[in-house]
Amino acid sequence: MFSLEAFIDLPMIWYGLIITAVMLYVILDGFDLGVGILFPFAPSEKCRDRMMNSIAPFWDGNETWLVLGGGGLFAAFPLAYAILMPALYIPVTLMLLGLIFRGVAFEFRFKARKSRRIWDYSFHVGSLLATIMQGMILGALVQGVSVSGRSFAGGTFDWINAYSVMTGVALVFGYALLGSTWLVMKTDGITQSWARRSASYVLGYVGLFIAVVSISMPIMKDTIRDLWFSLPNVIYLLPVPLTTALLFVFIWRDLHTGREYRPFFMSIGIFLLGYLGLGISLWPWIVPHAVSFRQAAAAPESQSLLLVGTAVMLPVVLAYTAYCYYVFRGKASHESGY
Amino acid sequence: MFDTLDPVLLARIQFAFTISFHIIFPAFTIGLASWLAVLEWRWLRTGNTIYAELYRMWVKIFAVAFGMGVVSGVVMSFQFGTNWSVFSDIAGNVMGPLLGYEVLTAFFLEASFLGVMLFGWNRVSPKMHFASTVIVAVGTIISAFWILSANSWMQTPQGFREGADGLLYPTDWLAIVFNPSFPFRFTHMIIAAYLTTAFVVAGIGAFYLFRRRHVRHARVMVGMAMIMAVFVAPTQLLVGDLHGLNTLEHQPAKVAAMEGLWETQRGAPLVLFGWPDQERQETRFALEIPKLSSLILTHDPDGEVKGLKEWPRDEQPPVAWVFWCFRIMVGIGMLMILTGLMAAVLFLRKRLFDTRWFQYWCMALTPSGFVAVLAGWFVTEIGRQPWIIYNVMRTAEAVSPVGGQPIALSLAAFVVTYAVVFGAGIYYIGRLIAKGPGDPEEAYGAHGVKRPPLVAPEVADEGGSHV
């Protein structure tokens, strides 16, 4: 039986890959969920058509990263998958239902006539529900999951509390920032200037919520406080919050000086840094504060097999994903695409 | 009020519901993607705009069906964990990589190139567009490859060992992926998907012929579909028979349930119809053909066939379900073969496209493939019970530590959601069918705008010249 165990640190590599997959999901589906969140606030029906068209060719591929995150977790860390899914039974189910309602809206909306309104709202409410649930899942995870033996030992509603509600709302603003800066890049005219205003509006809230999460996490867990505020860590880690703050300033300035591309990529930067901060705080847990990634790792043979496939396929996937974004470059039209 | 509900039963119902709903769409889109590739190929080769117009019509139907397949499929990737977490923990080492490969080699491919396929007109060359269609079609088949390999491994597990910790560990990947029932199940399912699509296309083509609308398009639709019925439907009988023999070797209890046989006997009869009664352990009111079961299964009229009583009651599958679903599947398969025969005769008499009763017949068979696919999956999935991994792990042991209440509520939510989504999807597909191919559109999209300027100059009056 072939195994790469002797040559490389398999659990470590897989931990990195899963984190990357989830990160790519958050950024990629984040902007199209964000477009859904902003949808009903657009100034006109034509704007909504443009918004929809700007993401229609991509949403399906973006959502596939979620499947990779879920499937990858199952494959590489089955124990974590087996604990987290029952623990997050209700939010995961609600998220999936939200994704269903928004996903079908892409197809149904352009085919509907009288019922168009229904699919507009299906798209918006579905996006909102999926985002809130993802934020609440994050909030529940950082607080920890109760585990006994090899299974979830908590209650059905452990995931819901004031903190997770806060992170749920926070992610709504976060995705709205990605969505609005995406629209600044992909549209022009009325839609673009509306997207600019929306982006600068949500930017403040995003900053506020990042501050709240950053302050609350060290308070919640001593280990996290020691990690961030002990010497010399504090010096090494200081660039993370500093760069984040700098990005906020740049985005604000760009939105008001008319730059089109930079706000989106710097919003991604904010997400990357926030994610990095969370990652540092939660290291080395895969089920926070209960199971580390080493404990949850699948058999080395299993991780090896999938790693070979990933090493070959992931670059290919990234290449043709990039190709698709290249094919649909430029500003989105309001015309139905096919 | 939900505390008395049995979580295992609820989890089973939820999985059965979500997977049955999901399989409808792949069963349709696997065939449709390949057919679209054939249409585009014909169009590029011949320049005949009929093919282009058919493509334009069917790609919209494909998009709706594919979208519903995607959203119901994302649900499936989480169901293993939410409802069957113990199974995920124990079998994750073996099952996980198979599903991982499905995502990496198929899902991204389909999702990315579907965008090009739908929205890439005028943005990529016709050749690149054709390539995208082919890639999507191949992607659907790769996807079926991995998921059927995973399912087949649960039916006929091999290439693993049980560790001291109770978890399963892989020992031979080739043995796992190409487990004994996989080649048969894969072939059987791909052909089933092709036939399902063919009969949908035939039914709608027959509807147009019947109404004397889009006659030239309808002739292509019915003609191509009947080629499938003539050649592929009989092939399916052969493959199904091989699949059955393979099941007899590895899961004899399932075959005994399919046949409704309780006693192990030589020269076993074929029970055409009857009422399998699990309580009394017999098939009541059985209408039998002597020795035929032995002949089919062992290719010897006096061969021995094992009956259900060979297994203790708690290892018998629910017989009535398996028995009846099997008859539904086989019955529809026979109707499909009959359709092919009739079509061949009508074709030789040059009456294929104007025989009224045959149009009715094809319209009636439009949903037949879906019914057969679902019935077939019910046979194989119910027939392997009570095992989730055959002879290794029981379904009842696999369930998540989640109470009945959240499962019942989420099941209700899925039922309502799917009913709404499915209803809307069928409605919009129905409208696309009512509109038909090749009609010049008054408004492009639904916002009252005329054709987009990019496309308009290229569009002739009778329809699109550039697909």
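## Helix packing

Axes are lines fitted to C-alpha atoms, for helices over the stretch in contact, and angles run from 0 to 180 degrees between N-to-C directions; helices (H or I, at least four residues) and strands (E, at least two) are DSSP runs, numbered from the N terminus. The model is predicted, so that local features need pLDDT of at least 70 and side-chain atom pairs count only at pLDDT 80 or more, whereas totals for chains, interfaces and linings use all residues. Residues are numbered from 1 along each chain as its sequence is written, while chains are lettered from A and ligands numbered from 1 in the order in which they are written.

In chain A, helix α3 (residues 59-76) packs against helix α14 (residues 300-327) at an angle of about 175°, with their axes 13 Å apart. α3(A) and α14(A) are therefore roughly antiparallel (an angle over 145 degrees). Their contact (C-beta atoms, placed from the backbone, within 7 Å) involves A:Gly61, A:Ala75 and A:Ala76 of α3(A), together with A:Ser302, A:Gln303, A:Leu306, A:Thr321 and A:Cys324 of α14(A).

## Contact between chains

Chain A brings 66 residues into contact with 65 residues of chain B. On the side of chain A that touches chain B, the elements giving two or more residues are α2 (45-55), α3, α4 (78-87), α5 (89-109), β2 (151-152) and α14.

## Overall build

Chain A has 14 helices and four strands, and its C-alpha atoms fill a box of roughly 55 × 45 × 40 Å along the principal axes. Among its contacts between residues at least 6 apart in sequence, 79% join residues at least 24 apart.

Terms used. Angles under 35 degrees count as roughly parallel, over 145 as roughly antiparallel, 65 to 115 as roughly perpendicular and the rest as oblique. Two residues are in contact if their C-beta atoms, placed from the backbone, lie within 7 Å.
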